[in-house]
Amino acid sequence: MEQNRLSIEEMFTKYPDQWLFIVDCEHDEATQLVSGVVAVHSPSRDVINDFSSKYKGGAAIRWSGKLPQGRLYLL
C-alpha cells in the first residue's frame, strides 16, 4: 500500500482512468474529498471491490477518468 498523501488532483493525474481506493481521507467544510492515501488503484472496479470487502475503516472510492455525459452512475 502506498503511504504518500496526495491531493485529489494529484491522484487523478498520477492514476488516470482508474478506480482509486482512498484511505486516511481529509475533507473540506463542505465534506468534499481533498486528500488521502491511495491504498489500491486499478482500471478494474472488481479489484477495488475485492479490496474494499476486506478493509475495515473509513475510505473513499473514486473514478479518476471522465464519465460519459447523459448517464447516471452509482459509485
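Which residue in β3 does I22 stand opposite? The residue facing I22 is V38. Keep in mind that this is a predicted model. With that in place, here is a friendly walk through the sheet, which is open, has 4 strands and runs in the order β1-β3-β2-β4 with antiparallel pairing.

**The sheet as a whole**
- At the edges sit β1 (5-7) and β4 (59-63), and each of them pairs on one side only.
- On average, neighbouring strands of this sheet are turned by 50 degrees against each other, direction ignored.

**The β2-β3 pair**
- Strand β2 covers residues 19-27 and strand β3 covers residues 33-42; the two pair in the antiparallel sense over 7 bridges.
- Besides the I22 and V38 pair, you can look for V23, which stands opposite V37 in β3.
- These two strands, β2 and β3, form a hairpin with 5 residues between them.
- In the turn of that hairpin, T31 is worth a look, as its phi is positive at about 65 degrees.

**The β2-β4 pair**
- Strand β2 also pairs with β4, again in the antiparallel sense, over 5 bridges.

Note on methods
Residues are numbered from 1 along each chain as its sequence is written. This is a predicted model: local features need pLDDT of at least 70, side-chain atom pairs count only at pLDDT 80 or more; totals for chains, interfaces and linings use all residues. Side-chain values use heavy atoms; hydrogens and water are left out. Two strands pair if DSSP finds at least two bridges between them. Axes are lines fitted to C-alpha atoms, for helices over the stretch in contact, and angles run from 0 to 180 degrees between N-to-C directions.
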